[in-house]
Amino acid sequence: MVIVINIDVMLAKRKMSVTELSERVGITMANISILKNGKAKAIRLSTLDAICKALECQPGDILEYKMDEDTVSTVD
């Protein structure tokens, strides 16, 4: 399973910079970059809440589940 974080998509839709999001959420630009680049192993619900408030969106607008090729089973 792969969870994709689409912060860059929402930033573009809201015409907001990483710097502005960082200031509104209260986390470093480095941590936002980690989220954007898919390097994060976890995200706190309080951080997700703050990001959703800043971007005026739902968690599902930011988080996307994609099935791994290896985990897809076939029925014979």
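Me: How many disulfides does the structure hold?
Reply: This is a predicted model, in which local features need pLDDT of at least 70 and side-chain atom pairs count only at pLDDT 80 or more, while totals for chains, interfaces and linings use all residues. Residues are numbered from 1 along each chain as its sequence is written, and side-chain values use heavy atoms, with hydrogens and water left out. A disulfide is a pair of cysteine sulfur atoms within 2.5 Å. By that criterion, the number of disulfides is 0.

Me: How far from C52 is the nearest cysteine sulfur?
Reply: C52 is in no disulfide. The nearest cysteine sulfur is that of C57, at a distance of 4.2 Å.

Me: Is C52 buried or exposed?
Reply: Buried means under 20% relative accessible area, exposed over 50%, and partly exposed in between (1.4 Å probe, protein chains only). Because its relative accessibility is 9%, C52 counts as buried.

Me: Which residues are in contact with I51, leaving aside its neighbours within four places in sequence?
Reply: Contact means heavy atoms within 4.5 Å. With those neighbours left aside, the partners of I51 are I7, V25, L35, I43 and I62.

Me: Why does S22 count as buried?
Reply: S22 lies in helix α2. Leaving aside neighbours within four places in sequence, its contacts are I27, T28, M29 and I32. S22 counts as buried because its relative accessibility is 10%.

Me: What is the volume of the largest pocket?
Reply: On a 1 Å grid over the protein atoms alone, a pocket is an open set of points where a 1.4 Å probe fits, with protein on both sides within 12 Å along at least five of seven lines; lining residues have an atom within 4 Å of a point. The largest pocket is lined by 12 residues, with I3, I5, A40, K41 and A42 nearest its centre. Its volume, the space filled by probe spheres set on the points, is about 200 Å³.

Definitions and conventions: Helices (H or I, at least four residues) and strands (E, at least two) are DSSP runs, numbered from the N terminus.
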